[in-house]
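Please view the sequence and the model together.

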Amino acid sequence: MRTVRRHGKKLLWVFASFFIVLAVVIGCQISPRRIVINNPGPTPTPTGTPPPGTTPTPIPTPTPIPTITPIPTLTPTPVPISSPTPMATTVAKQDNSKEFLFAVSPDSLLMNGFKINGDGSLTPVPGSPFVAGAPLRFAVSVGGALVAASEDEIAAFAVDNETGSIRQTDVVSTSTITRLMAGSFASEVFAMTEAGPVAFRLKNGKLQPLPAFAAASGLTARQAQVSTSTALTSDGRFMFAADARKGELAAFRVEDKKAVPLEPPVYPLPRGTTSITLVKPK
């Protein structure tokens, strides 16, 4: 009995050991770690490993595109321009003012007006001859205006500086006038009358009376006044003379202090014309 039990235990361990080994073998065959693939794929070539004996060509690093900085807009700084230094030479101012001739006759109600052209010829001004309310005996130029006197009145006229047409601006009454003269000053006019000398200052077209002593001294200073029947232009180039007997106005060009007749040489005027004057309006 004891032998059977002893042999039975040994047989039991033998069978147990066999089954354990058998289980281990079976486990090894089906384990995933022992699976064999009949057709394995190609072994991948290691990335970046160059073949032996070949120096790898390095891939150039792309050069970064530089950022373009915009060019700032430049605002030009203005350069100050210096004022030119005035030249020492003074250019003479040309006098382009027009000049006009007026003629009156104590035997006529007409007053003639002419524009003096650049060559000395005469052209009647618009409205000429002008009709006066009474025959005019004298005419003078006062401060760029025309002053004319009848037997007992003195009248002032404005003269248009372009056309020469006239417009009466004032008139004053006096006693009988025997002489009329422009004063030494541009705005003064003197007259000798039967009642004595009178004087006026022409201002803004109006005749303003001056004191008696100023009239007397002014007439004394003007006694040597040239004849009222001749007139010389302000530039001295032309001269005009009235012939009362013929009723003509003769025109001359002054050359070497000699009077040379112009063409045409004469212009018609009322008979008896004894007073002419040249007016240069301002």
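## Basis of the model

The model is predicted: local features need pLDDT of at least 70 and side-chain atom pairs count only at pLDDT 80 or more, while totals for chains, interfaces and linings use all residues. Residues are numbered from 1 along each chain as its sequence is written, and side-chain values use heavy atoms, with hydrogens and water left out.

## An open sheet

Four strands form an open sheet in the order β5-β6-β7-β8, with antiparallel pairing. Strands are DSSP runs (E, at least two residues), numbered from the N terminus, and two of them pair if DSSP finds at least two bridges between them. At the edges lie β5 (138–142) and β8 (166–173), each of which pairs on one side only.

Strands β6 (residues 145–149) and β7 (residues 153–159) run antiparallel and are joined by four bridges. Ala149 stands opposite Ile154 in β7.

## The aromatic pair

One aromatic pair is found in a search of the whole structure. Rings of Phe, Tyr and Trp (its six-membered ring) pair if their centres lie within 6.5 Å; planes under 30 degrees apart count as stacked, over 60 as edge-to-face and the rest as tilted. The ring centres of Phe114 and Tyr267 are 6.2 Å apart and the planes stand at 55°, so this pair is tilted. Phe114 belongs to strand β2 and Tyr267 to strand β16 (residues 258–268), 153 residues apart.

Leu109 lies in the loop between β1 (100–104) and β2 (110–116). With a relative accessible area of 41%, Leu109 is partly exposed, a class between buried (under 20%) and exposed (over 50%), found with a 1.4 Å probe and protein chains only.
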